[in-house]
Amino acid sequence: MPLAAAIPHIGPRSGTVSGGSNKKGNFGSGKETLRLRAKGPATIEKAPNDVVQAAVEKINSLLESFMGINDSELATQIWDLGRDKANPHDFVTAIDSSDLEAFGFTDDFVFDLWGAISDAKTGRLKKDSHRTPM
C-alpha cells in the first residue's frame with residue numbers, strides 16, 4: 001500500500017489514490033503555486049498577477065535602496081499589509097501593529113512604500129519585464 005502524500009492536495013497524476021483510473025483529474029487553472037513554509041503546513045496559493053508582481057518588484061527596489069537588502073518575501077508581506085488599506089494612515093497603523101515595526105522604517109520610507117502600493121493598485125505601476133543591467 002502506498003504511503004499517504006506528505007503534502008495535502010497533491011495526488012498521483014492519474015487523479016486517484018489507487019492509481020487505477022486513466023481519467024484526468026481537475027488540475028485547476030494553472031494559476032496556483034505551492035508555498036512551503038518553515039512554520040506551518042504547505043499551502044496552495046493563487047499565483048501573483050501582474051499587479052502584485054509589479055508592486056513586489058517596486059517594494060523590493062525600495063527595500064534595496066533603503067536597507068541594502070533584496071527580499072521578495074518581505075516585499076510580499078509589505079504588499080499584503082497595504083493592498084486592502086484605503087489610505088496611508090491605515091497602512092502606517094498596519095505596519096506599526098505588525099512584526100515589521102521592528103525594522104524601524106522612517107515615515108518617509110513608509111510613505112514611499114505606500115506610494116508603490118497605491119500606484120500598483122491603480123494600475124500606474126507596470127511590471128518591469130525588460131530590466132536593463134546597470
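Trainee: In which helix is the place of Leu-113?

Mentor: Leu-113 has its place in helix H4. Please keep in mind that this is a predicted model.

Trainee: Is Leu-113 buried or exposed?

Mentor: One judges this by the relative accessible area, and under 20% counts as buried. Leu-113 has a relative accessible area of 0%, so this residue is buried.

Trainee: Which residues is Leu-113 in contact with, leaving aside its neighbours within four places in sequence?

Mentor: Leu-113 is in contact with Ile-59, Leu-62, Ile-78, Phe-91 and Phe-105, once neighbours within four places in sequence are set aside. Leu-113 and Lys-58 are 55 residues apart along the chain, while their C-alpha atoms are separated by 8.5 Å.

Trainee: How does one describe the packing of two helices, and at what angle do the axes of H1 and H4 cross?

Mentor: One looks at the distance between the axes, the angle and the handedness. Helix H1 covers residues 50-67 and helix H4 residues 107-122; their axes come within 9 Å and cross at roughly 160°. Angles over 145 degrees count as roughly antiparallel, and H1 and H4 are therefore roughly antiparallel to each other. Their crossing is right-handed.

Trainee: Which residues of H1 and H4 meet?

Mentor: From H1 come Val-51, Ala-55, Lys-58, Ile-59, Leu-62, Leu-63 and Phe-66; from H4 come Phe-109, Asp-112, Leu-113, Ala-116, Ile-117, Ala-120 and Lys-121. Sorted by class, this contact of H1 with H4 has eleven nonpolar, no polar and three charged residues.

Trainee: At what angle do H2 and H4 pack?

Mentor: Helix H2, residues 72-82, packs with H4 at an angle of about 70°, and the axes are 10 Å apart. That makes H2 roughly perpendicular to H4. The crossing of H2 and H4 is right-handed. In this contact, Ile-78, Trp-79 and Gly-82 of H2 meet Leu-113, Trp-114, Ile-117, Ala-120 and Lys-121 of H4. The residues of the contact of H2 with H4 divide into six nonpolar, one polar and one charged.

Trainee: What is the angle at which the axes of H3 and H4 cross?

Mentor: The axes of H3 and H4 cross at roughly 120° and come within 10 Å. H3 passes H4 in a right-handed crossing. Pro-88, Phe-91 and Val-92 of H3 make the contact with Val-110, Leu-113, Trp-114 and Ile-117 of H4. By class, the contact of H3 with H4 has seven nonpolar, no polar and no charged residues.

Trainee: Why does Gly-115 count as partly exposed?

Mentor: Gly-115 is also in helix H4. Its relative accessibility is 25%, and therefore Gly-115 counts as partly exposed. From C-alpha to C-alpha, Gly-115 and Pro-88 are 8.7 Å apart in space, although 27 residues apart in sequence.

Trainee: Where is Asn-60 placed, and is this residue buried or exposed?

Mentor: Asn-60 lies in helix H1. With 9% relative accessibility, Asn-60 counts as buried. Apart from neighbours within four places in sequence, Asn-60 is in contact with Ile-69, Asn-70, Asp-71, Ser-72 and Ala-75.

Trainee: What share of the residues of the chain counts as buried?

Mentor: Of the 134 residues, 23% count as buried. Among contacts in the chain with a separation of 6 or more, 46% join residues 24 or more positions apart.

How values were computed: Residues are numbered from 1 along each chain as its sequence is written. This is a predicted model: local features need pLDDT of at least 70, side-chain atom pairs count only at pLDDT 80 or more; totals for chains, interfaces and linings use all residues. Side-chain values use heavy atoms; hydrogens and water are left out. Axes are lines fitted to C-alpha atoms, for helices over the stretch in contact, and angles run from 0 to 180 degrees between N-to-C directions. Helices (H or I, at least four residues) and strands (E, at least two) are DSSP runs, numbered from the N terminus. Angles under 35 degrees count as roughly parallel, over 145 as roughly antiparallel, 65 to 115 as roughly perpendicular and the rest as oblique. A crossing is left-handed if the near helix is turned anticlockwise from the far one by less than a right angle, and right-handed if clockwise. Contact means heavy atoms within 4.5 Å. Ala, Val, Leu, Ile, Met, Phe, Trp, Tyr, Cys and Pro count as nonpolar, Asp, Glu, Lys and Arg as charged, and the others, Gly among them, as polar. Buried means under 20% relative accessible area, exposed over 50%, partly exposed in between (1.4 Å probe, protein chains only).
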